[in-house]
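Here are some notes to go with the model, written for a colleague who likes to check geometry by eye. Please keep the viewer open as you read.

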Amino acid sequence: CRAVGESKPATRLKLGKLKVVRRQLLQRYEHQPFVSCLAGLYGCQWRRYQRARAQPGECCCSKVECGSFGLLILTFFLSFVFLYFWSEAQNDYNDFDWFNFGNLGFWFPWSLVLLAIAAALFTYIALLLVLAVCLLSEGQRLYLHWSHKTGIMVTLVFSVTATGILSDLWSKEWKTLQLSLQVTAPFLHVAAVSLMAVLSWPTALHFFRMNKKVRQVVVLALYLSVLFSLYLVPLGMYSPCIKEAGTLGPAPTLIGHRGAPMLAPENTLMSFEKAVEAGGDGLETDVTISYDGVPFLMHDSTLRRTTNVAEVFPNRTHLDASMFTWAELQQLNAGSWFLLRDPFGTASSLSEVDRAQAQNQSVPSLAQFLEVAAASGKLVLFDLRRPPYGHPYRWSYINTTLQVIQAHINSSQVLWLPSEDRGLVYGLDPELQQTSGVKASIQELTDDHITRLNLHYSTMSQQQICKYQSVNISTNLYVISQPWLYTLAWCAGAQSVTTNSIHILSSINKPLFLMTPEEYTLMWILTDFVSAFLIFAIFTFHWWRERGLPFVSGSRQTHENGPYSKFRTDSSEVICIGWNPLHSDPPLQLISPSPWSSTHDFPACYVIHSEILVE
C-alpha cells in the first residue's frame, strides 16, 4: 500500500494489484464449471450448493463414501485382471467358441461378446476412478450416486464370476497369462509407476491437510508400500526376449493348423493350398479311417460341426465319423459352414472366387492331402484317431495309413505323431520322422528314435527347448496364432510352430519385443528415478503450499494456512489499496471497509466482493 504523504496523489487505484486480485479470484472460480462437471458425473451434484470442499483437517469423505471409494478401487483392479486375462486369451478364442457350440448346439461368437462386455465395464469403472481422483485433487468431498454404486456391484460380480468360471473350465489360460507377462511386464511396470506418480497429487494434498497423525501414517505407509513394491517388481521378472545382442536364433518355421483355417474351411484342399501360398513350411491335419478303410481328414469325432450331415443324414448327426463309408462322406459339403458361421471373422474378406470355391469344398482323403504336400515339398504332421469298437479297421488302421503314405509321399516328409505301436511303425518305415506329443527324458526320447517334440505352447520353456536341441531334438509348439506368442516362441528358441494365422505370422520379420539386459536395466532405473523425483517434488509442493512457506528467501508470507486460507469465504478477498481522503472519496462502488482493519490507519484494507471483477 502506498504511504500517506507521498508526493504523488494516492487517489489512483493500483491497477497492478487489482489485476493480481482479479487473477486470484478467477483462479478460484474458473474451475467451478470443471468441478461441477466432475461432481455431476460422479455423484449427480450439478449445483454448487449440493457439494462441499474438504476443509483442512477433515477426511475427504464420510465412512460410507470411503467404503464406496475402496470398493471402486477393488473393482477396478479385479475388472482389469479379468480384461487382461481375457484379452491375452485371444489365441484360443476359436477353441472357446467351438467348445460352447458342442455344449449348446448352435454357433455364436461368445468370446468376442465376453471381451466387449469386459472392456465396457472396465472403461466405466476406470472413468469413475478418474472422476474420483480429479475431485480429490480439487479438494472436494466425495459423494457417489447410488446408480454408480449399483454399476460397481454389477461389474464386481461379473468380473469375479467370469474369472471363476473360466478358471474352472479353462485353467490352462492362466499359463497363457503368465507367458504374456514375459512380453508385457516391462510396459505394465512403466504404466503402474506412472499411475502412482499421478496419484501422488491427491495423496499429498490430503495427507498434509489431515490433522490426525494416525491417518497420515496409514495413508503414507499404504502409498509408499505399493510404490516400493512396484519399484522392486522387475527383480523377479523373466523374459526370454531380454537377451544379449546377437544371440537371437532364426524365426520358427510355420506349420498350417488344418491348413489356413482363417482363409478357407479347415481340413479342406482349399485350406492346405492357401497355407502353401501363404509361405507355410508344413501342413497339419487329423486323420480318421472310414468304415470301408479309406483314411480321410476330420478333426472331430462327429461330422456335425464342419459338414452338412444334418441335412444329408439327419438321423446320423451324432454317429462317429468313422462309421460312414467313403461314398457317404463324398455326399457331404465341407465348406458352406465356414461362410455361414465365419468362425474367425474373415469370410467377408474373401474374394467372390474364393467364396465360391469355399462353398463347394468336400471332405478330402488322406491321399489327396499328401499329394498337395508332395507337390509343394512341405512337411506333414497329423494325428491318427483309432476307430471305435465294432469298426472293421480298428486293429489294422495303422497299416492302412502307412500304405497310403508310402504310395503318395516321401516318408521323410512325414512327422509321425501317433504313439501306438511306435516301435512297429519305425521298423516298417524308419524314414518317418518320429514325433512325440509329450515331454520325457532325453534317454527315453532317443530310445524311441524321437526327432521332434510337438507340445502345447503353454509348456514353453527356453531351458527345455535348448536342452532338447542339444541332442538334435527340435520342438514344435501348437497352436500359436497371436504375434506376441510367436515372438515369445522365437525368443525361446522353438524351431517351428503350428498356427491358424499363417498369413499373418509369415509377414513378421523380427520379434515384437526384444531388448538387451542393459537396455532393460536402463529403462527400469530411469522409470523409477524419474517417478521418485516427481513424487518427491509433488509432496514438497503440497507441504510448502499448505504451510504457506516461501520458496525464495526474502519473499513475504502471504497467507497463514496455505492457499485455501486466502479464500476463507466464498464471497470476498482482502486487499490493500492506496487512498488519500484529502483528495477524493473512497471507491465505495468497489470496496468496503474490512471489519478487522482500523478506520484511522492509512492505507486502509478493504474487501472486494467476489461478484465484481476489477480491470
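1. In this predicted model, the axes of H7 and helix H21 (residues 517–547) come within 8 Å of each other and cross at roughly 10°. H7 is therefore roughly parallel to H21, as the angle is under 35 degrees. Sorted by class, the residues in the contact of H7 with H21 are 19 nonpolar, six polar and five charged.

2. H7 also packs against H8, and here the axes come within 10 Å and cross at roughly 165°. Because that angle is over 145 degrees, H7 is roughly antiparallel to H8. As for handedness, the crossing in which H7 passes H8 is left-handed.

3. Which residues make the contact between H7 and H8? On the H7 side they are His-189, Ala-192, Val-193, Met-196, Ala-197, Leu-199, Ser-200, Thr-203, Phe-207 and Phe-208. H8 contributes Gln-216, Val-219, Leu-220, Tyr-223, Val-226, Leu-227, Leu-230 and Tyr-231. The contact of H7 with H8 holds 14 nonpolar and four polar residues, with no charged ones.

4. Now to the open space. The largest pocket has a volume of about 1700 Å³. Of the 42 residues lining this pocket, Ile-73, Phe-77, Met-196, Leu-199 and Val-226 are the closest to its centre. Met-196 and Leu-199 of H7, along with Val-226 of H8, also belong to the contact between those two helices.

5. Where does the lining of the largest pocket come from? At least two residues each are supplied by helix H3 (63–88), helix H5 (110–137), helix H7 (173–209) and helix H8 (213–232). H7 gives the largest share, 14 residues. By class, the lining of the largest pocket consists of 35 nonpolar, six polar and one charged residues.

6. Searching the whole structure turns up five cavities of 30 Å³ or more, and the largest cavity has a volume of about 70 Å³. Its lining is made of 13 residues, and Glu-266, Asn-267, Leu-297, Met-298 and Thr-306 lie nearest the centre.

7. Another helix pair to inspect is helix H14 (residues 366–376) with helix H15 (residues 397–408), which pack at an angle of about 35° with axes 9 Å apart. H14 passes H15 in a crossing that is right-handed. From H14, the contact involves Leu-366, Ala-367, Leu-370, Glu-371 and Ala-374, and from H15 it involves Thr-401, Val-404, Ile-405 and His-408. Six residues of the contact of H14 with H15 are nonpolar, two are polar and one is charged.

8. Finally, two backbone details. Most residues other than glycine have a negative phi, and most peptide bonds are trans. What kind of peptide bond joins Tyr-478 and Val-479? The bond is cis, with omega about -25°. Val-479 sits in the loop between strand S8 (474–478) and helix H19 (483–492).

9. Cys-44 lies in the loop between helix H2 (32–43) and H3. H3 is one of the helices that supply at least two residues of the lining of the largest pocket.

Notes
Residues are numbered from 1 along each chain as its sequence is written. This is a predicted model: local features need pLDDT of at least 70, side-chain atom pairs count only at pLDDT 80 or more; totals for chains, interfaces and linings use all residues. Side-chain values use heavy atoms; hydrogens and water are left out. Axes are lines fitted to C-alpha atoms, for helices over the stretch in contact, and angles run from 0 to 180 degrees between N-to-C directions. Helices (H or I, at least four residues) and strands (E, at least two) are DSSP runs, numbered from the N terminus. A crossing is left-handed if the near helix is turned anticlockwise from the far one by less than a right angle, and right-handed if clockwise. Contact means heavy atoms within 4.5 Å. Ala, Val, Leu, Ile, Met, Phe, Trp, Tyr, Cys and Pro count as nonpolar, Asp, Glu, Lys and Arg as charged, and the others, Gly among them, as polar. On a 1 Å grid over the protein atoms alone, a cavity is a set of points where a 1.4 Å probe fits but cannot get out, and a pocket is an open set with protein on both sides within 12 Å along at least five of seven lines; lining residues have an atom within 4 Å of a point. Grid points are joined across faces, edges and corners, and a volume is the space filled by probe spheres set on the points. Angles under 35 degrees count as roughly parallel, over 145 as roughly antiparallel, 65 to 115 as roughly perpendicular and the rest as oblique.
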